[in-house]
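Please look through the sequence and the model below before reading on. The paragraphs that follow lead from a strand and its partners to a set of annotated positions.

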Amino acid sequence: MAASSAFMAGSHVWVEDPDDAWIDGEVIEVKGDEIKVKCTSNKTIVAKTSSAHPKDTEVPPTGVDDMTKLAYLHEPGVLQNLKCRYDVNEIYTYTGSILIAVNPFQRLPHLYDMQVMKKYKGVALGELSPHPFAVADSAYRQMINESISQAILVSGESGAGKTESTKMLMRYLAYMGGRVDNSEERSVEQKVLESNPVLEAFGNAKTVRNNNSSRFGKFVELQFDQRGRISGAAIRTYLLERSRVCQVSDPERNYHCFYMLCAAPKEEVDKYKLGNPKTFHYLNQSNCIELDAINDSEEYLATRRAMDVVGMSQEEQDAIFRVVAGILHLGNVDFAKGKETDSSQPKDDKSRLHLKTTAELFMCDDKALEESLCKRVFVTRDESIIKALDPDAAALSRDALAKIVYSKLFDWLVEKINVAIGQDMDSKFLIGVLDIYGFESFKTNRCLTGMLCFRHLRELLFL
Ligand SMILES: Nc1ncnc2c1ncn2[C@@H]1O[C@H](COP(=O)(O)OP(=O)(O)OP(=O)(O)O)[C@@H](O)[C@H]1O
Ligand SMILES: [Mg+2]
């Protein structure tokens with residue numbers, strides 16, 4: 001809170017504003033706990049001193065690259081500095097060892113090419129312009145020089161750019177710790193980088209905030225040998241949003257893989273008995289089916305290629321997509337009242353057909369599947385009691401099955417990727433990168449990502 005006594009006529013201040021968050025101006029009068037301010041926008045306002053902050057008039061018009069240089073590290077000062085830098089195309093800014101990224105919402109390839117990586121190699125944090133490569137380089141050098149494992153925490157609200165920033169960090173670490181290897185086999189770091197499209201196909205979805213929102217947390221652990229070369233890696237995922245599988249609100253989408261599979265080449269679509277996504281209950285609850293910048297057919301082929309690269313066989317890939325298709329068919333099974341009181345059965349021929357198709361795709365018995373949805377078994381000490389479920393309860397069982405199957409599929413995929421990448425049990429140190437959503441409830445500070453390098457983040461997070 002600002003100290004009211006600090007303000008006098010002529011003071012430069014920031015005052016809270018309902019439209020612009022903060023506006024700046026000069027105090028023309030002080031009366032008790034109120035100040036009259038002549039704003040830069042020319043309007044004159046009266047504000048409580050408690051909602052005003054002093055303004056640093058010495059800040060250069062293009063801002064400072066490290067905000068610890070600011071005279072006042074308060075919200076309007078920070079936001080103004082980030083804005084000034086953004087206006088001159090500087091999307092990264094430090095606050096000490098924390099890197100803040102402002103989402104540019106456009107591809108900036110020149111910021112991340114090989115020349116830039118070379119430039120940041122071995123240069124101390126703060127010597128060059130703020131950049132995720134500098135954070136990654138600092139983690140790498142500290143690991144080598146002090147023989148201590150490191151971790152980088154990437155946090156920010158949805159759509160801020162955490163996943164994109166994580167990819168930049170990983171690319172740099174792969175560059176620093178990669179092997180010059182002419183063999184045909186893909187290196188650990190290539191496999192880690194190429195596992196991204198697979199995880200994103202199954203764990204990302206379009207939300208109101210972000211067309212490619214990660215609906216899970218991810219901790220990637222890169223293991224290094226004595227010489228600082230990447231020798232293994234492990235991906236750990238957390239808290240996949242299961243409810244999205246059977247409940248999607250407008251204008252969001254379900255997980256990308258469902259739409260991709262519906263847009264696959266015709267023979268695949270026929271094989272899995274799919275069709276227009278609008279015909280599936282788990283997809284048509286929202287009007288959003290297609291995305292402007294994403295072509296689901298191309299994404300399907302790209303995901304298949306990425307699956308090849310991370311070492312998934314054709315049989316495994318087929319099994320994965322059978323499960324995905326099976327979930328869509330399962331969602332189309334509706335229930336009606338059965339012959340007995342409070343019992344249920346598939347509603348009509350259409351529901352029976354979807355149930356049969358689900359059973360075929362899941363490779364299970366269709367009668368057993370129907371029983372498991374329409375009945376519940378209670379196991380007591382002496383016996384098992386079978387209770388019929390009414391149509392509403394059967395629909396809940398169906399959704400519960402869809403969610404659990406999908407989350408098991410996701411865990412299986414992660415496990416499979418980990419086996420393909422391979423861990424180095426003898427590794428001496430590691431660098432972990434955590435991409436996990438943080439402060440979702442901010443109203444005004446949109447699109448900021450913070451990156452911070454820790455020692456032993458694992459201990460910090462009790463992972
Ligand atoms: N550095 C960047 N360069 C170019 N585009 C970016 C950058 N950072 C973010 N974007 C754009 O913003 C979108 C959202 O970014 P990203 O998916 O990384 O957000 P997120 O913080 O991971 O969100 P969520 O928590 O929803 O997963 C990206 O799809 C991309 O279009
Ligand atoms: Mg993300």
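Two strands are said to pair if DSSP finds at least two bridges between them, and strands (E, at least two residues) and helices (H or I, at least four residues) are themselves DSSP runs, numbered from the N terminus. This is a predicted model, in which local features need pLDDT of at least 70 and side-chain atom pairs count only at pLDDT 80 or more, while totals for chains, interfaces and linings use all residues. Residues are numbered from 1 along each chain as its sequence is written, and chains are lettered from A and ligands numbered from 1 in the order in which they are written.

Begin with strand E17, which covers residues 429–435. Strand E11 (residues 217–224) runs antiparallel to E17 and is joined to it by seven bridges, and Val220 has Val433 as its bridge partner in E17. Strand E8 (residues 150–156) pairs with E17 in the parallel sense over five bridges, with Leu153 bridged to Leu434 of E17.

A residue is called buried if 20 or more other C-beta atoms lie within 10 Å of its own, exposed if 12 or fewer do, and partly exposed in between, with C-beta atoms placed from the backbone. Because six of the seven residues of E17 are buried, this strand is largely enclosed by the rest of the structure.

An unreviewed UniProt entry lists a "binding site" whose residues include Glu157 and Lys162; such positions are given in the numbering used here, with shortened feature names, and annotations may be inferred rather than shown by experiment. Glu157 lies in the loop between E8 and helix H4 (162–177), and counts as partly exposed because it has 19 C-beta neighbours inside 10 Å. Lys162, by contrast, belongs to helix H4 and is buried, with 28 other C-beta atoms within 10 Å.
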